[in-house]
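Thanks for coming. I have one structure to go through today, so please look at the screen.

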Amino acid sequence: MADCIFCKIVAKEIPAQILYEDKDVISFRDINPMAPVHLLIIPKQHYQDLNTAAPADECLLGHILAVAQKLAVEQGIAESGYRVVANNGLNAGQIVDHLHFHLIGGHLLPDFA
């Protein structure tokens, strides 16, 4: 999408601290981190949210979680614990209308249950 900030990052029109990239997924540091490690993992293809992903996208969604695990190890937070979050829609706090997952860790995270 032309006005999507994450699509612009994928297209390298906007700079980002990219930590991982393959043909389907890109990961970069959040510009407003909520923890010592706060990365975003996004599909390169534009999906507005989880509701716009189809059953055929199950492999992509699983791949995103595998990338999260890999990055947690690389960032040194796998053993101490980390959180993977996908806010889905306005009431859930989704700010950018491009499906994205937050990988957050590096200190004790507050319980939100």
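I will start with Val 25, which counts as buried because its relative accessibility is 0%. Bear in mind throughout that this is a predicted model. Val 25 sits in strand 2. Leaving out residues up to four places away in sequence, Val 25 touches Tyr 20, Ile 41, Ile 42, Pro 43, Lys 44, Leu 60, His 63, Ile 64 and Val 67. Take His 63 from that list: Val 25 and His 63 are 38 residues apart in sequence, yet their C-alpha atoms are 8.4 Å apart in space.

Staying with strand 2, we come to Phe 28. How many aromatic pairs does a search of the whole structure find? The search finds one. Phe 6 and Phe 28 form that pair, in an edge-to-face arrangement, with 5.6 Å centre to centre and 70° between the planes. The pair links distant parts of the chain, since Phe 6 is in helix 1, residues 5–10, and Phe 28 is in strand 2, residues 25–29, 22 residues apart.

Phe 6 brings us to His 98, as the two are in contact. Where is His 98 found? His 98 is in the loop between strand 4, residues 82–85, and strand 5, residues 101–105. Despite the loop position, His 98 counts as buried because its relative accessibility is 0%. Neighbours within four places in sequence aside, the contacts of His 98 include Cys 4, Cys 7, Gln 45 and Tyr 47.

Now the charged residues. The structure holds four salt bridges, and I will go through some of them. Which residue does Lys 12 meet in a salt bridge? The partner is Glu 21, at 2.9 Å from N to O. Lys 12 lies in the loop between helix 1 and strand 1, residues 18–21. Lys 12 is partly exposed, with a relative accessible area of 47%, and Glu 21 is partly exposed at 37%. Besides Glu 21, Lys 12 touches Ile 18 and Ile 26, not counting residues up to four places away in sequence.

Asp 24 forms a salt bridge with Lys 23, with the closest N and O atoms 3.0 Å apart. Here Lys 23 is exposed at 70% relative accessibility, while Asp 24 is partly exposed at 30%.

In helix 2, residues 58–74, Glu 74 and Lys 70 are separated by about one helical turn because they are four residues apart. Their side chains meet in a salt bridge of 2.5 Å, N to O. Glu 74 is partly exposed at 45%, as is Lys 70 at 39%. Elsewhere, salt bridges that share partners join Lys 12, Glu 21 and Lys 44 into one network.

Last, the surface. Leu 65, Tyr 82 and Val 84 make a nonpolar surface patch of about 240 Å². Val 84 belongs to strand 4 and is partly exposed, with a relative accessible area of 34%.

Technical notes
Residues are numbered from 1 along each chain as its sequence is written. This is a predicted model: local features need pLDDT of at least 70, side-chain atom pairs count only at pLDDT 80 or more; totals for chains, interfaces and linings use all residues. Side-chain values use heavy atoms; hydrogens and water are left out. Helices (H or I, at least four residues) and strands (E, at least two) are DSSP runs, numbered from the N terminus. Buried means under 20% relative accessible area, exposed over 50%, partly exposed in between (1.4 Å probe, protein chains only). Contact means heavy atoms within 4.5 Å. Rings of Phe, Tyr and Trp (its six-membered ring) pair if their centres lie within 6.5 Å; planes under 30 degrees apart count as stacked, over 60 as edge-to-face and the rest as tilted. Patches are made of residues with over 30% relative accessible area and no salt bridge: like charges are joined within 9 Å, nonpolar side chains (Val, Leu, Ile, Met, Phe, Trp, Tyr) within 5 Å. Accessible areas come from the Shrake-Rupley method with a 1.4 Å probe; for residues, only the protein chains shown count as cover.
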